[in-house]
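Student: I have a structure open and I'm a bit lost. Can you walk me through it?

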Amino acid sequence: MIIAANWKMNPPLAEAGALAAAYAAATHDGVTRVLFPPAPYLVQMSMRLDGSGVLLGGQDCHQADSGAHTGDVAASMLAACGAGMVLLGHSERRQDHGETDALVAAKAGTALGEGLAVMICVGETLDQRAAGDAEAVVTSQLEGSIPPVVTPDRLTIAYEPVWAIGTGKVAGVDEITAMHAAIRNWLAGRGLGQVPVLYGGSVKPGNADEIFAVGDVGGALVGGASLKAEDFDAICAAGARAAAICASA
Ligand code: PEP
């Protein structure tokens, strides 16, 4: 199980150190934890998490190696600050910054070239789901956002229905099961069948066990609940329970 914390543009630096220290103090068998903090916090979080087993990632990177791109962050800079992974194609970047699948693929190609692993987000809007297009939208995002150079060991997919992110609405078990099966099927057809597929969208301590019981769910990308140490810890504990059930099956 992979449980990833997406802090987005939170919290204040004064709180981030204590939150990372709480992550570092916990252990959960069978769970790989990843923290995506704001880029300016990476070096400090890297020091806080040193030796804890919690991996560090950037929330985005530029598609170019370097150059005149004011305000952007290069993949090589993330790596130099201690990141081993980068989150790409989050729906907030697709919406707020007009990021296309082609741009996400270009960024992923650059990140892979710098030795980073990539976690690529896909997910449909409520209108797309209502129109019956959810699977077509998601498979089209996979097709366009994953660069041909990727290898299975450096790719994770996060399925995040846009309507479930930060809203408190969670996709139903049937919806998650069907979409994860479609994603798994698409990946298997490209030799990427072993790639972990996470669910994201209002994952909380109260719903994590049910979500992790879905066979093809390999963990979670967690936004809001990752900002409370006890909630993130409870979600990781649910991940450990799911990992134990899987190991004994
Ligand atoms: C996210 O930021 O990717 C996310 C899933 O957020 P939340 O858990 O708050 O819905």
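**Ligand first, then strands and helices**

Tutor: Around the ligand there are 14 residues, and the closest are Lys 8, Glu 160, Gly 166, Ser 202 and Gly 224. A residue counts as near a molecule or strand if one of its heavy atoms lies within 4 Å of it. This is a predicted model, where local features need pLDDT of at least 70, side-chain atom pairs count only at pLDDT 80 or more, and totals for chains, interfaces and linings use all residues. Residues are numbered from 1 along each chain as its sequence is written, and side-chain values use heavy atoms, with hydrogens and water left out.

Student: What is 2.7 Å from a polar backbone atom of Gly 166?

Tutor: An oxygen atom of the ligand. A polar contact is a pair of N or O atoms within 3.5 Å; within protein, one must be able to donate a hydrogen and the other to accept it, and residues adjacent in sequence count only if both atoms are side-chain atoms. Gly 224 also has a polar backbone atom 2.8 Å from a ligand oxygen. His 90 uses a polar side-chain atom, 2.8 Å from an oxygen of the ligand.

Student: New topic. How many bridges join strand 1 to strand 2?

Tutor: Five, and the two strands run parallel. Strands pair if DSSP finds at least two bridges between them. Strand 1 is residues 2-6, and strand 2 is residues 32-36. Helices (H or I, at least four residues) and strands (E, at least two) are DSSP runs, numbered from the N terminus. Ile 2 stands opposite Thr 32 in strand 2.

Student: And what does the chain cross through from strand 1 to strand 2?

Tutor: Helix 1, residues 13-25, in a right-handed β-α-β crossover. Right-handed means that, with the strands pointing away from the viewer, the path from the first strand over the helix to the second runs clockwise.

Student: Which residues of helix 1 are buried?

Tutor: Ala 16, Gly 17, Leu 19, Ala 20 and Tyr 23. Buried means under 20% relative accessible area, exposed over 50%, partly exposed in between (1.4 Å probe, protein chains only). The buried residues of helix 1 pack against strand 1, strand 2, helix 2 and helix 10.

Student: Last one. Where does Ser 46 lie?

Tutor: In helix 2. Ser 46 has a relative accessible area of 25%, so it is partly exposed. Leaving out residues up to four places away in sequence, Ser 46 touches Leu 56, Cys 81 and Gly 82. Contact means heavy atoms within 4.5 Å.
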